[in-house]
Amino acid sequence: MGGKVSIILVMSFSLLFALFGRNILNSSVTITENFSDYYSITRAQSIAISGANMAINKLYLNKSWTTGFSNLAFADGEINVDVDTVGWDSRRITSFGEYNGVTKKVEILLEPENFAMFGNFYNVFGSVWAATGDTFQGRFHANDWINCYGDPVFMGPATTSKGVKLYDKYSHPEFFGGTKVTDPIPLEFDTSVIRIAAYQNGKIFRDTTNSGKVTTVNLTFLADGNVKYKLKIGAGSYTTEETVPLNTLAPNGVIYVEKGNLRVEGTLNGRATIVASQKGDATAGQVFITNSLQYEKNPLTNPACDDMLGMVAENKVTVTYDNTRGDINIHGSIFSQKDGLVIEKYADYTTAHNMNLVGGVIGQKVQPTAKYALIGGKYVPIKGYSYVHKYDTRFLKVRPPFFPSTKFYRVVSWYEE
Amino acid sequence: MGYTTILDIVGATIIGGILLLNLLKLNENVYAVDNATGHDVNLQVEVVNVANIVDGDFNKIGYCSDPMNMNDDPKVTLADTSSIKIVFDVDKNGVYDTVYYYVSDLNALSGTPNPRDRILYRQVNSDFPFIVSNNITEFKFQYLGALYDTLSTPLASPGLATYIKISFRVEDPFAFDEKYTEAFWRRLTVTSKNLKRN
């Protein structure tokens, strides 16, 4: 009798524990499956991101690459990438990553990067330091170290090909747009594109005597949409000044001085890009800003502003010396391929003024604009021009006509499913 | 009945009692383990669900389906230790939305035995807050600047946040013998490609 009860007891408990054991085992399996699913999702996503990055790299090496990837084996999964043209010359990359039956998508929109997108762009920072009190608006890039002395503020994204160099442990620059080390962006552009545009539907000024002399053009933009201009060849005398509508002089907005210099001022009503090419002459390729050069409507305060100016100098852009001028307003994006924005004889001014720049400066190097003195324990400008810069955010989406492009695409948006 | 028989009965009772006690203890242990693993399954599923939602949102910071509406305004507009407001185009309609993650105080779930659990909310613009999880016992953010320097919270200028570390812990609202099972998830850094477009 006792033996039977024992057997029944043992069997009952065995059954009971088996049921509990099964439940516990099932729970463990469910937990593992749960994490396995999460792992598959994250891995599929990583594969999709990898595919997108590989496609970006292909486009970086070859701007016209649209082949994509098809069933490319990668990390025990598979990559499929499509590259489509969007609009005129933008690209959309759609990357699918597949792993263990899970598919994830990454979609990226890229557009050709142009120099007007930069608030400040310098090839060489050299021994110049961005210092306390300096506020850089818009996108910032240096093909060099970004030298920081004290607490300069960078409002937009800041990229550098070398890194951020702090003057000392008390230096705390603020990067509101973040900072990243990237490949250098060559400060070069294909001048033929803008020259062809000028020939086709813009305005070309050049030495029509074909004697190889430098051409000088004086341009004054007028608020009514007209432009006054006169020119001289070499050391000759100026032609009679003419006044014409800007869109008649250069319907596509490109005013190009071949092997020459431009002297410019006034109030622009319309869109234009003025170009001074060097064509082998060291004295040519310069833009001289002789007085305030501003838009008819201020883009910072008037959203209806549709005026836009690009200044492209193969050599340099100079604000000419005028001790009686006072403050100067400069609206536009300035591109100086071999130098920068130069303030002529800045130390000869009797006092300091403001240079109110709305737009961007893209140059080979940073140039001094003022002479400073230590007053009350602070360095303050006493002669020349203080650099008061505001970025024209319209340049993020629209550039002045045929303004130079970099050789790369930039990521506009990145969507991960 | 002899002396030996009484000894047998007493001995059998003691041994049977010990055996019974062991069986009862074993039963209790099995129940505890079953309870814990059962709750663990729920927690693990919960943590993955919350992680998927958080992943999905934080991967999209700064994204807007209409590139013309994209701007360089800060995409993190509130940055505190356990709450954050991020900006992206949630419904892909070309307009930025604000997503607000925050946790309730402890009183919200004072009816549960677990003294630490809270509710994690996700609110889009001014819509009614959506309960992401009601098992949250820890929901933390840490913010890093562009130079990987840790920023103290709450950030006076949330736009300075370049990298975000997220972690959260979920626990059972009920537990056997107050041994609450828990699950922990963290993502070391969020570097959404749209957060800082450079």
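This is a predicted model: local features need pLDDT of at least 70, side-chain atom pairs count only at pLDDT 80 or more; totals for chains, interfaces and linings use all residues.

Residues are numbered from 1 along each chain as its sequence is written, while chains are lettered from A and ligands numbered from 1 in the order in which they are written.

Chain A, then. The domain assignment, which is automatic or from a database, gives domain 1 as 2-100 and domain 2 as 187-408. The centres of domain 1 and domain 2 of chain A, taken over C-alpha atoms, are 56 Å apart.

Next, a sheet in chain A. Strands here are DSSP runs of E with at least two residues, helices are runs of H or I with at least four, and both are numbered from the N terminus. Two strands pair if DSSP finds at least two bridges between them. Which strands make up the open sheet? There are five, in the order β1-β2-β3-β4-β30 of chain A, with antiparallel pairing. β1 (69-74) and β30 (405-416) of chain A are at the edges with a single partner strand each, so one side of each has no neighbour in the sheet. From one strand to the next the twist averages 25°, with axes fitted to C-alpha atoms and angles running from 0 to 180 degrees between N-to-C directions.

β1(A) and β2(A) form a hairpin with two residues between them, and A75(A) in the turn has a positive phi of about 50°. Four bridges join β1(A) and β2(A), and L72(A) stands opposite I79(A) in β2(A). On β3(A), I79(A) has G97(A) as its bridge partner, and N80(A) has F96(A). β2 (residues 77-86) and β3 (residues 90-99) of chain A pair over nine bridges, also antiparallel.

Now chain B, which has one helix and eight strands. Its radius of gyration, over C-alpha atoms, is 26 Å, well over the 16 Å that the globule rule (2.2 Å times the number of residues to the power 0.38) gives for 198 residues, so chain B is more spread out than a compact globule. The C-alpha trace of chain B spans about 100 × 35 × 25 Å along its principal axes.

Last, the two chains together. Counting contacts as C-beta atoms, placed from the backbone, within 7 Å, 32 residues of chain B touch 33 residues of chain A.

Notes: Two residues are in contact if their C-beta atoms, placed from the backbone, lie within 7 Å.
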